[in-house]
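The structure comes first, and the notes follow by topic.

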Amino acid sequence: MVSLLTAFVIGGVLCALGQIIMDFSRPVVTPGHILVGYVTGGAILSALGLYQPLIDIGGAGATIPLSGFGHSLAQGAIASVKADGLLGAFSGGIQATAVGIAAAVVFGFTMAVLFNPKG
Amino acid sequence: MYNQNLKNKYNALFNIVQRLKEKKEQAQPQKEKTTIPSNLNPVEQEELQKQIDQQAYQWLVQQHQPRTTWLRNTILAFLVGGIICTLGQIIQNYFRGFGLTLREAGTVTVFIMVFLGAFLTGLGIYDKIGKYGGAGSIIPITGFANSIVASAMEFKREGYVYGVGARLFNVAGPVLTFGFIISVLIGLLYYFFT
């Protein structure tokens, strides 16, 4: 039960932060910028070792927001460099996030074909 | 947009308007369409009228309206984002119960959340959540799936290759581009500096 509460709080805070950034930089910052910013920001924090503590506390609250996607990219790259050397820098991040990306493309395509826009 | 000069002007004007309103209430018959005190010379009157009409009113709207919506948006983003992440945690805990490692359970959770985001977008439900949730529905991975389906669906009439296939990456494309670049950069930095 505690894990649910911490996930709620950490996930909520990450999203609220994004909303504040969006509201105070309107109309310069769009949802696209927020997504890109969270992925790169999460990756950089993760590389500096600052994101793992957040995951230890928040669990899915830190991995479900896109900053967690950035964390996987960074940690995947680092782990692969350790195992495979230089080429690992190119394979690791994408390997670590492959399931999410492939699922997004396959489900995205399927749903877009099956459904039509509403309204 | 904020302007100290404008604020001072506005405050001065606002005081005048307030005083005029009070006067109006005291002496009913005056039909005051303008809010300009008659003891000013015509040039000043004109100047004041212009400013009330344009700048002061806009300043008033900007200062008072967004402040409340800002707070409301943030609270809603917190709640919606929190609920989505809690759902993710429930799924993760469920699969952990089957003896999956944390990493495996995390991957399965992302997989299911992506599916849910895409499916709810197809049904038109995710857009309704997004109307209230704002960043709370954009930042979780379900929002990433939503951006993929929404833009792909929109351009279906342009065909399956250049419509759905290409527009799938309208928002996801930049995310993957910058994500891959930063990932490779981190890998290279780690290789050369450790």
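Two residues are in contact if their C-beta atoms, placed from the backbone, lie within 7 Å. By that criterion, 67 residues of chain A are in contact with 64 residues of chain B. The model is predicted: local features need pLDDT of at least 70, side-chain atom pairs count only at pLDDT 80 or more, and totals for chains, interfaces and linings use all residues. Residues are numbered from 1 along each chain as its sequence is written, while chains are lettered from A and ligands numbered from 1 in the order in which they are written.

**Chain A overall**

- Chain A has six helices and zero strands, where helices (H or I, at least four residues) and strands (E, at least two) are DSSP runs numbered from the N terminus.
- Along the sequence, the pattern of chain A is α-α-α-α-α-α.
- A box of roughly 50 × 35 × 35 Å, taken along the principal axes, is filled by the C-alpha atoms of chain A.
- Of the 119 residues in chain A, 55% are buried; a residue is buried if 20 or more other C-beta atoms lie within 10 Å of its own, exposed if 12 or fewer, and partly exposed in between, with C-beta atoms placed from the backbone.
- Among contacts in chain A with a separation of 6 or more, 61% are between residues 24 or more positions apart.

**The side of chain A that touches chain B**

- Helix H1 (2–24), H2, helix H4 (60–63), H5 and helix H6 (88–114) of chain A each give two or more residues to this side.
- H6(A) gives the most, with 19 residues.
- By class, this side has 46 nonpolar, 19 polar and two charged residues; Ala, Val, Leu, Ile, Met, Phe, Trp, Tyr, Cys and Pro count as nonpolar, Asp, Glu, Lys and Arg as charged, and the others, Gly among them, as polar.

- H5(A) has 19 residues and reaches 27 Å from its first C-alpha to its last, close to the 27 Å expected at 1.5 Å a residue; the expected span is 1.5 Å times one less than the number of residues.
- Of the 19 residues of H5(A), 15 are buried, so the helix is mostly covered.
- Gly85(A) follows H5(A) and has a positive phi, near 80 degrees.
- The axes of H2 (residues 31–47) and H5 (residues 66–84) of chain A come within 7 Å and cross at roughly 45 degrees.
- H2(A) and H5(A) are therefore oblique to each other, since angles under 35 degrees count as roughly parallel, over 145 as roughly antiparallel, 65 to 115 as roughly perpendicular and the rest as oblique.
- The residues making the contact include Leu35(A), Tyr38(A) and Val39(A) of H2(A), and Phe69(A), His71(A) and Leu73(A) of H5(A).
- The residues of this contact divide into nine nonpolar, nine polar and no charged.

**Two single residues**

- Lys82(A) lies in helix H5 of chain A and is partly exposed, with 14 other C-beta atoms within 10 Å.
- The C-alpha atoms of Lys82(A) and Gly92(A), 10 residues apart along the chain, are separated by 9.9 Å.
- Ile148(B) is found in helix H6 (residues 141–154) of chain B and counts as buried, with 29 C-beta neighbours inside 10 Å.
- Leaving aside neighbours within four places in sequence, Ile148(B) is in contact with Ala104(A), Gly108(A), Ala118(B), Leu168(B) and Ala172(B).
- A distance of 59 Å separates the C-alpha atoms of Ile148(B) and Lys23(B), 125 residues apart along the chain.

Key
Axes are lines fitted to C-alpha atoms, for helices over the stretch in contact, and angles run from 0 to 180 degrees between N-to-C directions.
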